[in-house]
Amino acid sequence: QNYSPSLADSWTLGVLLHIILTNQVPFGRDKINIKISSSIKDHDAKDLITSLLQIRPHKRLQINEILNHKYINNQKEHLTVPLKEFNHHHEEKSQKKEGYARLVRARSV
């Protein structure tokens, strides 16, 4: 089958979510067999990770399915940063970088 970047991203998301929730990679030492940690007690989290870490790419969840998954919907209030807050933070960082760049240029003259 053809390579699908979005399905590769689904795999990566499954690995990262597993690491975030357990502080462990979801593989054994052989790095071939998937090993979902038994420390994940939330059924919906375990279902999402299992659905993302499918060996056959066409069986993995796609982005719209991930966004509509029960675990994600239950976590939305914890996962999203309001866009207004994000933009404000980004603007502050840009202003600090510009100020620092001016300072460096002034000192180098």
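The following legends describe close-up views of a predicted model of a protein.

In this model, local features need pLDDT of at least 70 and side-chain atom pairs count only at pLDDT 80 or more, while totals for chains, interfaces and linings use all residues. Residues are numbered from 1 along each chain as its sequence is written, and side-chain values use heavy atoms, with hydrogens and water left out.

**Figure 1. The protein contains 5 helices and 0 strands.** Helices (H or I, at least four residues) and strands (E, at least two) are DSSP runs, numbered from the N terminus. The order of the elements from the N terminus is α-α-α-α-α. Of the 109 residues, 22% are buried; buried means under 20% relative accessible area, exposed over 50%, and partly exposed in between (1.4 Å probe, protein chains only).

**Figure 2. H18 belongs to helix α1, which spans residues 5-22.** H18 has a relative accessible area of 0% and is therefore buried. A polar atom of the H18 side chain lies 2.9 Å from the backbone oxygen of Q24. Beyond its neighbours within four places in sequence, H18 is in contact (heavy atoms within 4.5 Å) with several residues, among them V25, P26, I40 and I49.

**Figure 3. I20 also lies in helix α1.** I20 counts as exposed because its relative accessibility is 67%. Together with L16, I19, L21 and V25, I20 makes a nonpolar surface patch of about 440 Å².

**Figure 4. Helix α2 covers residues 43-52 and has D44, A45, L48, I49, S51 and L52 as its buried residues.** Viewed down the axis of α2, these buried residues fall within an arc of 165°, so they line one face of the helix. The arc is that of the directions from the helix axis to the C-beta atoms. In general, an α-helix has 3.6 residues a turn, so residues three or four places apart point the same way.

**Figure 5. H69 is located in the loop between α3 (63-67) and α4 (70-79).** With a relative accessible area of 10%, H69 is buried. The side chains of H69 and D47 are joined by a polar contact of 2.7 Å. A polar contact is a pair of N or O atoms within 3.5 Å; within protein, one must be able to donate a hydrogen and the other to accept it, and residues adjacent in sequence count only if both atoms are side-chain atoms. The H69 side chain also reaches the backbone nitrogen of Y71 at 3.0 Å.

Technical notes:
Patches are made of residues with over 30% relative accessible area and no salt bridge: like charges are joined within 9 Å, nonpolar side chains (Val, Leu, Ile, Met, Phe, Trp, Tyr) within 5 Å. Accessible areas come from the Shrake-Rupley method with a 1.4 Å probe; for residues, only the protein chains shown count as cover. A salt bridge is a side-chain nitrogen of Lys or Arg within 4 Å of a carboxyl oxygen of Asp or Glu.
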